[in-house]
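Subject: Structure handover

Hello,

Here is the structure for you to look at. Please open it first, then read the notes below.

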Amino acid sequence: MTTVPPPFPPPDDPAAVLAAVVTHGYCIGCGACAVADPRITLAETPHGLYTAVLPPRPRPAAGQVCPFAATANEDHLAPELFPDAPHHHPLLGRYAGLYAGAVTEGDYRAAGSSGGLVTWLVSELLRRGDIDGVIHVAPAADQPGQFAYRLSTSVAAVRQGAKSRYYPVQFAQVLQGLAGRGQRFAFVGVPCFVKAVRLLARQDPALRAALPYCLAIFCGHLKSKAFAEMIAWQCGVPPGEPFAIDFRHKRPGAPANRYAVSVTPLAAAAAPPRVVPIAKLYGLDWGLGLFKPQACDGCDDVAGELADLAAGDAWLPGYVADPRGANVLIVRHPALLTLLSAAAAAGRLTLTALAAPEIVRSQAASFRHRREGLALRLHDADQRGAWRPAKRIAPGTAGVSRRRAQLYRLRARLAARSHQRYLLARRHRHFLLFPVLMAGDELRYYLWRGRWWRALPKLLLTLARAWRRGRAGR
Ligand SMILES: Cc1cc2nc3c(=O)[nH]c(=O)nc-3n(C[C@H](O)[C@H](O)[C@H](O)COP(=O)(O)OP(=O)(O)OC[C@H]3O[C@@H](n4cnc5c(N)ncnc54)[C@H](O)[C@@H]3O)c2cc1C
Ligand code: SF4
Ligand code: SF4
């Protein structure tokens, strides 16, 4: 097999690589480059994602902090961050301990997406005086129904940030000016954001001192703003009208992975929330990857390998049946391990040690897509002569079955087309147009997933539901 190496830009020119990241659609819109070079701004694309807007000659430092442009990858950075971590796993990175668990005190678990451990941990650090504030994602104060990064300095404010927001965010303004105040903060983000923050801190000792803790949430992929709007539309809120959304509404009696979404219209006063199980909504099958940014198909870090602690959903036998939800945890920072162990001994949390294969199993689909699938996508890009970021994963198709190759390629197509076709349905103000336009690719996806005899009924059911819900939201 011969592959064509990426032709340009020169890998030793960070500013040129940064420009290629943006031009070729691999910008995830984190905002790190704008912290390194204030002439860079973030703009929202027509598809509802953030992207960097670069000046003609960005500073090289901006390229060195971009998670898709930096030459330093997770394997280079992790030994600098966790030199004493006793264990290493090729998919999970370095670690001190692996656990499943949940918060038992207060209502952190009920208020969180999984076991509530992320919000509990940053609240505890704040309560103990280990940090002065938390940089995290929460409902935006000035834009009802939207989400944004902010700095919270009280436990009450930190707790408003609980729950997963499948929504684009950026941290540029919040991180600017954080260093040099003599204060310490914890940062919470998806793995690529944590990488960006680590790269910024690597360049700036004052920022490094200001950020003693970085926590990651596992990440399958991000969604554009259209994802939230599509859900709200199916719940009777047409595009353009304001709404609040809870992407992870726990359903009493249902397994943790069969959660619901809750949409509250904000146009009418005191409108009740509409709670709908995800299985009844169109577009919520995460395997399809609708509204996924292209950058996520160039990402290889599922487990937040550069974070002091990374948390995900414990959708594993023994945990998933509990509607209250539970976390899987990868702990890397010794101080956090001590803190968690003491809290578990005091009965404030439950913590059960897990073996690495169990954590991997909880994210099996994600690891397949971001290892085998990524190798195939890199190979395809090289064959086309298209630029793509340098990755730890070697391009190639070895061991990829024809069926899996079709699935990976279809996913990329479904993601790209969902952005455009949703806009078309929105323009015509007819929701049903969206699933109808996606039906061909979707049907092929389900056929290639196997059980072909189930594909057509599944799609018809999906369309019928979309029609019923779409009528309500026209
Ligand atoms: C886009 C996205 C994809 C995910 N994919 C997976 C996955 O594939 N597998 C898996 O196991 N888990 C995934 N998660 C994580 C999972 O949903 C839970 O967030 C995680 O298990 C922590 O649960 P918790 O109850 O401890 O957190 P909570 O106590 O609910 O706290 C969640 C924390 O995450 C922060 N946060 C929420 N949304 C964002 C965001 N968009 N960007 C940055 N920070 C945010 C909040 O500010 C808060 O600090 C994903 C989360 C997101 C946002
Ligand atoms: S991914 Fe982040 S750092 Fe890279 S170009 Fe986009 S906004 Fe800038
Ligand atoms: S999949 Fe990767 S690139 Fe996409 S948001 Fe998650 S961590 Fe970032």
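Start with a definition: Ala, Val, Leu, Ile, Met, Phe, Trp, Tyr, Cys and Pro count as nonpolar, Asp, Glu, Lys and Arg as charged, and the others, Gly among them, as polar. This is a predicted model, where local features need pLDDT of at least 70, side-chain atom pairs need 80 or more, and totals for chains, interfaces and linings use all residues. Residues are numbered from 1 along each chain as written, chains are lettered from A and ligands numbered from 1 in written order, and side-chain values use heavy atoms, without hydrogens and water.

Ligand 3 comes first. Its shell (a heavy atom within 4 Å) includes C192, C219, H221 and R370. The shell divides into 7 nonpolar, 2 polar and 1 charged.

Now ligand 2. Among the residues around it are L18, C27, C30 and P67.

Next, R248. It sits in strand β10 (residues 243-249). R248 counts as buried because its relative accessibility is 3% (buried is under 20%, exposed over 50%, partly exposed in between; 1.4 Å probe, protein chains only). Its side chain makes a polar contact with the side chain of Y166 at 2.9 Å (N or O atoms within 3.5 Å; within protein, one able to donate a hydrogen and the other to accept it, with sequence neighbours counted only if both atoms are side-chain atoms).

Best wishes

Definitions and conventions
Helices (H or I, at least four residues) and strands (E, at least two) are DSSP runs, numbered from the N terminus.
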